[in-house]
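Please examine the model shown here before reading on.

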Amino acid sequence: MKKVLMNASVASMIYRFNMGNIDILEKMGYKVEVACNFSKKENPIKEEEIEAFKAILKDKGVTFYETDCPRSVFSLKKMIKTYLITISTILNIILTVQMIN
């Protein structure tokens, strides 16, 4: 099965603007995984919406990963950390797919 990692700085970006894209990708046969920052501090939506979004992803069978991605471009240390975690996640996805095949 082909996989897609949808990555965004904050959960609200995917929740508000990309749920339709997730549906399209799933209909095309992709296994969708999501990586973003779910913390209330970084998201412009309420904590209840974040939890509802997580529940929707679980119901759809979408695996999601918490990344500590900052919204500020001046948080270089956090951005580098997030980049390294994202690369690690991508490598794990690739290795999982190779092990299955």
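Phe-64 is partly exposed, with a relative accessible area of 23% (buried means under 20%, exposed over 50% and partly exposed in between, with a 1.4 Å probe and protein chains only). The model is predicted, so local features require pLDDT of at least 70 and side-chain atom pairs pLDDT 80 or more, whereas totals for chains, interfaces and linings use all residues. Residues are numbered from 1 along each chain as its sequence is written, and side-chain values use heavy atoms, leaving out hydrogens and water.

**Aromatic side chains**

A pair of aromatic rings is described by the distance of the centres and the angle of the planes. Rings of Phe, Tyr and Trp (its six-membered ring) pair if their centres lie within 6.5 Å; planes under 30 degrees apart count as stacked, over 60 as edge-to-face and the rest as tilted. This rule gives 3 aromatic pairs. In one of them, Tyr-15 and Phe-53 have ring centres 5.1 Å apart and planes at 50°, so the pair is tilted. Tyr-15 belongs to helix H1 (residues 11-17) and Phe-53 to helix H3 (residues 47-60), so this pair ties together parts that are 38 residues apart in sequence. Here helices (H or I, at least four residues) and strands (E, at least two) are DSSP runs, numbered from the N terminus.

Phe-38 and Phe-64 also form a tilted pair, at 5.2 Å centre to centre and with 55° between the planes. Tyr-15, Phe-38, Phe-53 and Phe-64 form one aromatic cluster. The accessibility of the cluster members is listed next.

| Residue | Relative accessibility | Class |
|---|---|---|
| Tyr-15 | 24% | partly exposed |
| Phe-38 | 5% | buried |
| Phe-53 | 0% | buried |
| Phe-64 | 23% | partly exposed |

**The sheet**

Strands of a sheet pair through backbone hydrogen bonds, either parallel or antiparallel. In this model, 3 strands form an open sheet in the order S1-S2-S3, with parallel pairing (two strands pair if DSSP finds at least two bridges between them). Strand S1 (2-10) and S3 are the edge strands, each pairing on one side only. S1 and S2 run parallel and are joined by 7 bridges, while 4 bridges connect S2 to S3, again in parallel.

Lys-2 stands opposite Tyr-30 in S2, and the charged end of Lys-2 sits over the ring of Tyr-30, 4.6 Å from its centre. Such a placement requires NZ of Lys or CZ of Arg within 6 Å of the ring centre and within 35 degrees of the ring normal. Lys-3 stands opposite Lys-31 in S2.

How enclosed is S2 by the rest of the structure? Of its 8 residues, 6 are buried, so S2 is largely enclosed.

**Buried polar residues**

Glu-33 lies in strand S2 (residues 30-37). Its relative accessibility is 3%, so Glu-33 counts as buried. The side chain of Glu-33 makes a polar contact of 2.6 Å with the side chain of Tyr-65. A polar contact is a pair of N or O atoms within 3.5 Å; within protein, one must be able to donate a hydrogen and the other to accept it, and residues adjacent in sequence count only if both atoms are side-chain atoms. Residues up to four places away in sequence aside, Glu-33 touches Lys-3, Val-4, Leu-5, Met-6, Val-62, Thr-63, Tyr-65 and Ile-93, where contact means heavy atoms within 4.5 Å.

Asn-43 is located in the loop between S2 and H3. With a relative accessible area of 5%, Asn-43 is buried. A polar atom of the Asn-43 side chain lies 2.8 Å from the backbone oxygen of Ser-39. Neighbours within four places in sequence excluded, the contacts of Asn-43 are Val-10, Ala-11, Ser-12, Asn-37, Phe-38 and Ile-50.

**Val-62**

Val-62 is found in the loop between H3 and S3. At 4% relative accessibility, Val-62 counts as buried. Not counting residues up to four places away in sequence, Val-62 touches Ile-22, Glu-26, Lys-31, Val-32, Glu-33, Val-34 and Leu-57. Val-62 and Glu-26 are 36 residues apart along the chain, and their C-alpha atoms are separated by 9.7 Å.
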